[in-house]
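Here is a short note to read beside the model. Take the points in order, with the structure open.

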2 protein chains.
Amino acid sequence: MVDREELESVCKRRGFIWPSSEIYGGEAGFYDYGHLGARLKDNWEDIWKDFFLGIDDNYHMIYTPNILPYRALKASGHVDLFSDVLVHCMRCSESYRADHIVMELTGNNIEGMGAEEIEDILEKNDLRCPSCNGVFSETEDFNMMFSLNIGPTGEHKGFLRPETAQGTYMNFFREYRALRRQMPMGLATIGSAFRNEISPRQGVYRLREFLQAELQIFFVPGVHDTYYEELYDEDQKVRLLRDGEDEVKFVPVKELDELPIFYRYHLAKVYEFYHDHMELPHESIRLRELSDEEKAFYNLIHFDVEISMSSLGGWKEVGGIHYRGDYDLTKHQEESGTKMSIPIEGERVIPHVMELSFGVDRNIWALLDCGYHSKDRDWLSIPNKCAPYHVAVFPLVRKDGIIERSLDVFTELNSNFRAFWDKSGSVGKRYARMDEIGTPYCVTVDYDTLDDDTVTIRDIKSKEQIRVNISELVDVIDSLVFGEKVFNDHFSE
Amino acid sequence: MVDREELESVCKRRGFIWPSSEIYGGEAGFYDYGHLGARLKDNWEDIWKDFFLGIDDNYHMIYTPNILPYRALKASGHVDLFSDVLVHCMRCSESYRADHIVMELTGNNIEGMGAEEIEDILEKNDLRCPSCNGVFSETEDFNMMFSLNIGPTGEHKGFLRPETAQGTYMNFFREYRALRRQMPMGLATIGSAFRNEISPRQGVYRLREFLQAELQIFFVPGVHDTYYEELYDEDQKVRLLRDGEDEVKFVPVKELDELPIFYRYHLAKVYEFYHDHMELPHESIRLRELSDEEKAFYNLIHFDVEISMSSLGGWKEVGGIHYRGDYDLTKHQEESGTKMSIPIEGERVIPHVMELSFGVDRNIWALLDCGYHSKDRDWLSIPNKCAPYHVAVFPLVRKDGIIERSLDVFTELNSNFRAFWDKSGSVGKRYARMDEIGTPYCVTVDYDTLDDDTVTIRDIKSKEQIRVNISELVDVIDSLVFGEKVFNDHFSE
């Protein structure tokens, strides 16, 4: 249980993440990844790619630009529909997202409600500006895309993409041909997306520039069902909060009769990612079904991935599992005139899309939130594969050749793992520094090392130490970091 | 020797790279990376990180946003100085970058010349619009940054960053503290940068949105010189074109007396990257010293990395080695009021910056350009570490259990390498497809495999084949792909 202020302070001091351009006061909604945050982010992305692209040999990364031309986002519906309701205070001119201010002042969740209806609520309840008690202006729709001009004439309008997905939809047919017409086909991307939030709060949870990792899977329901049936593990359990129910249930996916198998399969895969690879406990993960009011009209089925984060006050969305039907390719076919259909059994069919969508920054924050312990000592519990450093090496003292010996050990470990060498301060202080950034193992070189070639390995979780010979050090660390080995196990071997 | 049209056609057809949002006609200066291009790009970035961050344990990645607030770019000088001279045709209204149109019409390189001087040249030579022979307008300065509004009020102006570097400068002091005041300190980043080019041409060479990989090294000359002296290999040779000279010389860096050792050291490192890791031949690489007119005023020493590319008509810049003195940190200290100096021997000193800057897209294009051969057959020669796939596996025929056997071989190889499995068409056609995308080795499973557990490995370069036992296949491929092993060598073992 960590509060936001405490976690933000550690993140800033140690080099994980902090508000961007802060020497100039910055702008709300932008964050920098420092040297540890960058490692955590890169590691998370590698694990994500390995896991989700590992599902099928025909799932691939692509990269597309942040700037999109007007027509692409007109076609996708973002030019007309991607807006929030804006209201500002007539006295102090502070801007508010209207649904958020109603939520703050009344406790009612009115997400998705239109501008006029919200205006009614503001008036009828005589709601006032929380900072100066001024009256609110009329509501207006505010498009959340950043717009810009491409080239010098002002005639070519563009936008920063509000999601990474459009690049994969627009490339569907070109990749379908380049990949020799195999289906299902998955196109994934990791990159920035931009939303000009009215007043972003909640740290890295709601950013104006953020990172998304998305996988769009193109398939034809009824035709590729057998493909998913073969992969499907019907006994895999997921924690679900169904629409209209109050309690989370932990159920095998085979019991979700009303959901198609391709959807159940992906629910299970996403759950597996969070539990087995992000190593989050079951009680911190749930897949929440959105109500018809909450979900976008083109999403036929929509569950959000939610993680319980104490720093953000409870369950927070970190990803979504969207069955979008043929909405996206149909829209792009209509607007561009480019064929998006494929031949299936003599007919032309527009493929459907399963979209697995993740907010990278939110996921990084979830790992830090769920992993940070500050009760007896400050330490971070994150998956070994995610940790900025796998192992640290300390010389016990700075004399008698111990420094040199520790550097030899470091050099060998560093060519196999992400290793860190530290000679400053007491060993206790050095352990504490590594605890705080989640380095799972610390190796200390001492006087005994000079005699018998052994070193200690200290475990972050139990604080226990074992002594191993340098000749087996790489193997032991390897099985601890990447293998199934449990610390202290090898004594009983 | 490949021409641009041919290479662009292969890139499009096979899935490397193509103009973005093309189903809507796109906008000039934006490209997508398809599934093979994405692998090539990711591999290039990994090799870049391994090499340049491998120089020192105190060199680190950080990531900062694409959107920067007005003040940051005002301080850096981009708001006032980052412009090109724009001119348009009074008849057909086509816009031109004025120095480019003078170059095109007169052959004279006037890069860096001011608006008024260029206007004189246009008038005196009576230069006309090349597409309609119309008269040119007056020249004007056109700022190349994309500007945008942050938030709903229009009062917070921002820009898309024109280079990735400012994020590292602004974070200097925070990272200096987080990294416990060790110097030299390197902050690297890979990410997008944006320049609103007047009329981008030359494919991926001049983009409006592009990728940069930059390493900024903070150090104090006179204090950290011994650090570089220890690392320095004085006999390492580089191919240099000095300012004012006509001929490239291949010289050991120790002969470059007038350059400081920290600069010579980095010249050699960059050269090593291109020759040893990108595996480009010496004759395709040169480090060109910029003249005083060409180089920015804050760069005390500036060599560009240039690669000879037939598709772009000769030597083209792919990177730069900039000694920027204390310009950047001094400017940010002045404008932000945030201290950027560090204590050195009792005094406060503002560190200097060595900047190693690379255009990722240009580097990818250089690999494709230099590696593509189309004389007798179409094949791509790129470093094994960069190749989208290390190895392909083919079943000779689709019957008698050969498919299943080849899938077993594929599965084993795929858990060790980037592997590809292909059963379609003749083996000759399958070789040809792998040749075109630079897959160095192809393994074929045939009837003999069923008898004696052997397969053939075919080498892309020589087209020769060897036969090895499946039990040693992973080791052989490993030493071929990552080791020093030369194809066919193991017969003589």
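**Notes on the predicted model**

1. Start with a cysteine in chain B. The sulfur of B:Cys370 lies 12 Å from the closest cysteine sulfur, that of B:Cys386, which is too far for a bond. This is a predicted model. B:Cys370 counts as partly exposed because its relative accessibility is 25%.

2. How many disulfides are there over all chains? The count is 0. A disulfide is a covalent bond between the sulfur atoms of two cysteines. A pair has to lie within 2.5 Å to be counted here. A:Cys132 is in no disulfide, and its nearest cysteine sulfur, in A:Cys89, is 3.4 Å away.

3. Now compare the two chains. Two copies of a chain are related by a rotation about an axis and a shift along it.

4. Next, a helix pair in chain A. Helix α1 (residues 4-14) of chain A packs on helix α12 (residues 360-371) of chain A at about 110°, and the axes are 11 Å apart. So α1(A) is roughly perpendicular to α12(A). From α1(A), the contact draws on A:Arg4, A:Leu7, A:Glu8 and A:Cys11; from α12(A), on A:Trp365, A:Leu368 and A:Asp369. By class, the contact has 4 nonpolar, no polar and 3 charged residues.

5. Turn to chain B for its own α1 and α12. Helix α1 (residues 4-14) of chain B and helix α12 (residues 360-371) of chain B pack at an angle of about 110°, their axes 11 Å apart. Again the reading is roughly perpendicular, for α1(B) against α12(B). B:Arg4, B:Leu7, B:Glu8 and B:Cys11 of α1(B) meet B:Trp365, B:Leu368 and B:Asp369 of α12(B). The classes in this contact are 4 nonpolar, no polar and 3 charged residues.

6. Last, a glutamate. B:Glu45 sits in helix α2 (residues 35-53) of chain B. Is B:Glu45 buried or exposed? B:Glu45 counts as buried, because its relative accessibility is 11% and the cut-off for buried is under 20%. Leaving aside residues up to four places away in sequence, B:Glu45 touches B:Ile190, B:Leu211 and B:Val360.

Methods
Residues numbered from 1 in each chain as written. Chains lettered and ligands numbered in written order. Predicted model: local features only at pLDDT ≥ 70, side-chain atom pairs only at ≥ 80, totals over all residues. Heavy atoms only, no water. Axes fitted to C-alpha atoms, helices over the stretch in contact; angles between N-to-C directions. Helix = DSSP H or I, 4+ residues; strand = E, 2+ residues; numbered from the N terminus. Parallel < 35°, antiparallel > 145°, perpendicular 65-115°, else oblique. Contact = heavy atoms within 4.5 Å. Nonpolar A, V, L, I, M, F, W, Y, C, P; charged D, E, K, R; others polar. Buried < 20%, exposed > 50% of the residue type's maximum accessible area, 1.4 Å probe, protein only.
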